[in-house]
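Colleague: I have not looked at this one before. Can you walk me through it?

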Amino acid sequence: MTNDHSQNLVFENLWKKDPGEMHEMIKTLMLQINPGTEGIKIEGNSGQPVFGIKNEWDKVVGMSTARKAYIKHLRNYLYVIQITIVSDYQTPGLVTDLIMKTRDFLESVHKNEEPEKMIGILVYVENVPLIADGREAIWDDSQLVYIGNSSKGYHIRAYYFKGATIS
């Protein structure tokens, strides 16, 4: 059973900052979600931390990361974002809040990115219940648009930044 802890959560922007004291907490979070990944690096395939979420006891219970990627079939660079939330805190509202905060922040910084301009975000939706329940082509709150499926059957959703142009 999922509890509603959202009123006690604090979002902290970590973009291009040294997560300092949160470093070990983030590693602990990743180990809770993906047991057996003791050698995890904060910046690696999962990308740069964007937001961390702390609960009322100052423990990290969620985070978003972003990595720059050239998406061949879209012929452009996008941020591929990943959302990770401890199971006790996984509520549709929290997932959506974290996606929207991450989306809005990355949209605010994308114009300063050089040499490759990011035109939006890409999300691989791996949460099976979310895939089953979220069959709308465009999700209302996050404005993520369904653009296809991965080889594993996950939904791929994109959001294009305002004013972004394709190459």
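Modeller: One term to begin with: pLDDT is the predictor's confidence in each residue, from 0 to 100. This is a predicted model, and pLDDT stays under 50 over residues 36-44.

Colleague: How many contacts does the model have for residues 36-44 beyond four places in sequence?
Modeller: For that stretch there are 13.

Colleague: And what is the mean pLDDT of the chain?
Modeller: The mean is 79, and 74% of the residues reach 70 or more.

Colleague: Which elements have the lowest and the highest mean pLDDT?
Modeller: Helix H3, residues 128-133, has the lowest at 58. Strand E1, residues 10-13, has the highest at 92.

Colleague: OK, layout. What does the secondary structure come to?
Modeller: The chain has 3 helices and 7 strands. Read from the N terminus, the order is β-α-β-β-β-α-β-α-β-β.

Colleague: In what order do the strands sit in the sheet?
Modeller: The 7 strands make an open sheet, ordered E1-E2-E3-E4-E5-E7-E6, with mixed pairing. E1 and strand E6 (145-149) are the edge strands, each pairing on one side only. On average, neighbouring strands of the sheet are turned by 25° against each other, direction ignored.

Colleague: Remind me, what does a strand pair through?
Modeller: Strands of a sheet pair through backbone hydrogen bonds, either parallel or antiparallel.

Colleague: Then how do E1 and E2 run, parallel or antiparallel?
Modeller: E1 and E2 run antiparallel, joined by 4 bridges. Asn13 has Phe51 in E2 as its bridge partner.

Colleague: How many bridges join E3 to E4?
Modeller: There are 10, and E3 and E4 run antiparallel. One of the facing pairs is Gly62 opposite Ile85 in E4. E3 and E4 form a hairpin with 4 residues between them, and Arg75 in the turn has a positive phi of about 55°.

Colleague: And E4 with E5, parallel or antiparallel?
Modeller: E4 and E5 run parallel, with 4 bridges. Tyr77 is partnered there with Met118 in E5.

Colleague: What about E6 and E7?
Modeller: E6 and E7 run antiparallel, again with 4 bridges. Gly148 has Ile156 in E7 as its bridge partner. The E6 and E7 hairpin has 5 residues between the strands, and Gly153 takes a positive phi near 90°.

Colleague: Where does H2 pack?
Modeller: H2 packs on the sheet, where it touches E1, E2, E3, E4, E5 and E7. The direction of H2 makes about 150° with that of E4. The buried residues of H2 include Leu94, Leu98, Phe105 and Leu106, and also Arg103 and Glu107.

Colleague: What does Trp15 touch?
Modeller: Not counting residues up to four places away in sequence, Trp15 touches Gln48, Pro49, Val50, Ala66, Tyr79, Phe105, Leu106 and Val109.

Colleague: How many residues of E4 are buried?
Modeller: 7 of its 10 residues are buried, so E4 is mostly covered. Over the chain of 167 residues, 43% count as buried.

Colleague: Pick one residue. Why does Val61 count as buried?
Modeller: Val61 counts as buried because its relative accessibility is 4%, and the cut-off is under 20%. Val61 lies in strand E3.

Colleague: What is Val61 in contact with?
Modeller: Leaving aside neighbours within four places in sequence, the contacts of Val61 include Leu9, Leu29, Ile53 and Val86. Val61 and Val86 are 25 residues apart in sequence and 5.3 Å apart in space, C-alpha to C-alpha.

Colleague: Last one: what share of the contacts with a separation of 6 or more comes from residues 24 or more positions apart?
Modeller: Such residues account for 59% of those contacts.

Note on methods:
Residues are numbered from 1 along each chain as its sequence is written. This is a predicted model: local features need pLDDT of at least 70, side-chain atom pairs count only at pLDDT 80 or more; totals for chains, interfaces and linings use all residues. Side-chain values use heavy atoms; hydrogens and water are left out. Helices (H or I, at least four residues) and strands (E, at least two) are DSSP runs, numbered from the N terminus. Contact means heavy atoms within 4.5 Å. Buried means under 20% relative accessible area, exposed over 50%, partly exposed in between (1.4 Å probe, protein chains only). Two strands pair if DSSP finds at least two bridges between them. Axes are lines fitted to C-alpha atoms, for helices over the stretch in contact, and angles run from 0 to 180 degrees between N-to-C directions.
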